[in-house]
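Hi everyone, thanks for coming. Let me put the structure up on the screen, and then we'll walk through it together.

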Amino acid sequence: MVISFLISYLLAPKPQSAKAPTLEEFTVPTAEEGVRIPVVFGKVWLEAPSVLDYGNLRNEPPIKAESGK
């Protein structure tokens with residue numbers, strides 16, 4: 001059983017390192033002039049929603065607060 005475990009461990013595929021996605025890889029819906037705005041009642045899935053604002057999408061390191069002592 002130990003030999004079988006060792007062989008399966010050695011023959012297992014190695015996982016590739018994943019890189020973090022960049023802002024260009026995200027697809028965020030946008031608002032365009034002349035597009036009809038749907039009126040929604042309840043919970044539905046919209047295939048092409050119009051979004052005017054979606055948070056603060058930036059990629060910056062956090063700022064460390066300095067103590068004022």
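So, where is the place of Ile37? Ile37 sits in the segment after α1. Before I go on, some housekeeping: this is a predicted model, where local features need pLDDT of at least 70, side-chain atom pairs count only at pLDDT 80 or more, and totals for chains, interfaces and linings use all residues. Residues are numbered from 1 along each chain as its sequence is written, and side-chain values use heavy atoms, with hydrogens and water left out.

Back to Ile37: it counts as exposed because its relative accessibility is 72%. Exposed means over 50% relative accessible area, buried means under 20%, and partly exposed is in between, with a 1.4 Å probe and protein chains only. The C-alpha atom of Ile37 is 8.2 Å from that of Pro49, 12 residues apart along the chain.

Glu47 is also in the segment after α1. With 71% relative accessibility, Glu47 counts as exposed.

Now the whole chain. How many helices and strands does the protein chain have? One helix and zero strands; both are DSSP runs numbered from the N terminus, helices being H or I with at least four residues and strands E with at least two. Of the 69 residues, 0% count as buried. The chain exposes about 7900 Å², and carbon and sulfur atoms supply 61% of that; the areas come from the Shrake-Rupley method with a 1.4 Å probe, and for residues only the protein chains shown count as cover.

Okay, on to the helix. Ile3 is in α1, which covers residues 2-11. Is Ile3 buried or exposed? Ile3 counts as exposed, because its relative accessibility is 63%.

Finally, look at Tyr9. Lys14 lies over its face, 5.7 Å from the ring centre. The rule here is that NZ of Lys or CZ of Arg must be within 6 Å of the ring centre and within 35 degrees of the ring normal. That's my tour, thanks!
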